Amino acid sequence: MDINIVFRIAAVGILVAVLNQVLIRAGREEQAMMTTLAGLVVVLFWVIQYISQLFNTVQTLFQL
Amino acid sequence: MEIIQVVAAGMIGAVLSILLKKHSPEFSLLIGIVTGVLIFMMIADSLKDVLALLKEMADTAGINMAYLSIVMKVIGIAYIAEFGIQLCADAGEKSIASKIELAGKVLIMVISAPVLLALMNMVLHMVA
């Protein structure tokens, strides 16, 4: 894989943090929490795929 | 040179992780995980070459292949357990990390049981 996934996660993180602040200031705290959760779910989706790729590689390498 | 790519990826990951740590610690942790996985993937091919070299050396030295495969499995378990432990420690969950460490130790003992039994048999043979 390459470095792009790190940039994508950072971009989603910054976006979610900014939206979080904006929504909290606007008084809509539930929507702020929902955007944070949505961002987390999307990023977790990518990360879990990536980690499963890692574990498959380790399994093949060490013949577990 | 691969080491330059590895160090660059590590630096980018560290900077981005610090950037997000105050506002959303969850994303900071995820970036740390992904950077670690990325660096491992970068050296996975070289690691395969090193392991093949070790296998060849063991073959030439006349070591039983079964023992070598046990050693490699132990290294694999140790690596994955270490990955999980550092991840939990980064998240601040030291208790979960220590449970993973205990699980890793138990599993390594289970896997290396044949080696220990063979050693004991050999020693008893020599003594008796």
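**Exercise 1. How much accessible surface does chain B have, and what share of that surface belongs to carbon and sulfur atoms?**

Solution. The structure is a predicted model.
- Step 1: take the total. The accessible surface of chain B is about 8,200 Å².
- Step 2: take the share. Carbon and sulfur atoms account for 73% of that surface.
- Step 3: turn to chain A. Its accessible surface is about 4,000 Å², with 67% belonging to carbon and sulfur atoms.

**Exercise 2. Describe the make-up and extent of chain B.**

Solution. 
- Step 1: count the elements. Chain B has five helices and zero strands. From the N terminus the order reads α-α-α-α-α.
- Step 2: look at the extent. The C-alpha trace spans about 70 × 40 × 15 Å along its principal axes.
- Step 3: Chain B has 20 Å, while a compact globule of 128 residues would have a value near 14 Å.
- Step 4: check burial. Of the 128 residues in chain B, 27% are buried.
- Step 5: check the contacts. Take those in chain B between residues at least 6 apart in sequence: 54% of them join residues at least 24 apart.
- Step 6: Chain B carries 8 positive and 10 negative charges, and their mean positions lie 8 Å apart.

**Exercise 3. Is chain A compact or spread out, judged by its radius of gyration?**

Solution. 
- Step 1: list the elements. Chain A holds two helices and zero strands.
- Step 2: apply the globule rule. For 64 residues the rule gives 11 Å, and chain A has 16 Å, well over that value, so chain A is more spread out than a compact globule.
- Step 3: The C-alpha atoms of chain A fill roughly 55 × 20 × 10 Å along the principal axes.
- Step 4: In chain A, 34% of the 64 residues count as buried.

**Exercise 4. How many aromatic pairs are there over all chains? Classify each by its geometry.**

Solution. A pair of aromatic rings is described by the distance of the centres and the angle of the planes.
- Step 1: count. There are two aromatic pairs over all chains.
- Step 2: take Phe55(A) and Phe83(B). Their centres are 6.1 Å apart and their planes stand at 85 degrees. Planes over 60 degrees apart count as edge-to-face, so this pair is edge-to-face.
- Step 3: locate that pair. It crosses between chains: Phe55(A) is in helix α2 (residues 29-62) of chain A, and Phe83(B) is in helix α3 (residues 65-90) of chain B.
- Step 4: compare with the burial cut-off. Buried means under 20% relative accessible area. Phe83(B) has 14% relative accessibility, so Phe83(B) counts as buried. Phe55(A) has 31% and counts as partly exposed.
- Step 5: take Phe40(B) and Tyr79(B). Their ring centres are 4.8 Å apart and their planes are at 20 degrees, so this pair is stacked.
- Step 6: locate the stacked pair. Phe40(B) is in helix α2 (residues 25-61) of chain B and Tyr79(B) is in helix α3 of chain B.
- Step 7: check accessibility. Phe40(B) is buried, at 6%. Tyr79(B) is partly exposed, at 26%.

**Exercise 5. How far apart in space are Met57(B) and Ala81(B), C-alpha to C-alpha?**

Solution. 
- Step 1: Met57(B) lies in helix α2 of chain B. Its relative accessible area is 47%, so Met57(B) is partly exposed.
- Step 2: Met57(B) and Ala81(B) are 24 residues apart in sequence and 27 Å apart in space.
- Step 3: take a second pair. Leu23(A) and Met33(A) are ten residues apart in sequence, with 9.0 Å from C-alpha to C-alpha.

Conventions:
Residues numbered from 1 in each chain as written. Chains lettered and ligands numbered in written order. Predicted model: local features only at pLDDT ≥ 70, side-chain atom pairs only at ≥ 80, totals over all residues. Heavy atoms only, no water. Helix = DSSP H or I, 4+ residues; strand = E, 2+ residues; numbered from the N terminus. Rg over C-alpha atoms; globule rule 2.2 N^0.38 Å. Buried < 20%, exposed > 50% of the residue type's maximum accessible area, 1.4 Å probe, protein only. Contact = heavy atoms within 4.5 Å. Areas by Shrake-Rupley, 256 points an atom, 1.4 Å probe, with all protein chains shown as cover. Lys, Arg positive; Asp, Glu negative; His and termini not counted. Charge placed at Lys NZ, Arg CZ, Asp CG, Glu CD. Phe/Tyr/Trp six-rings, centres within 6.5 Å; stacked < 30°, edge-to-face > 60°.
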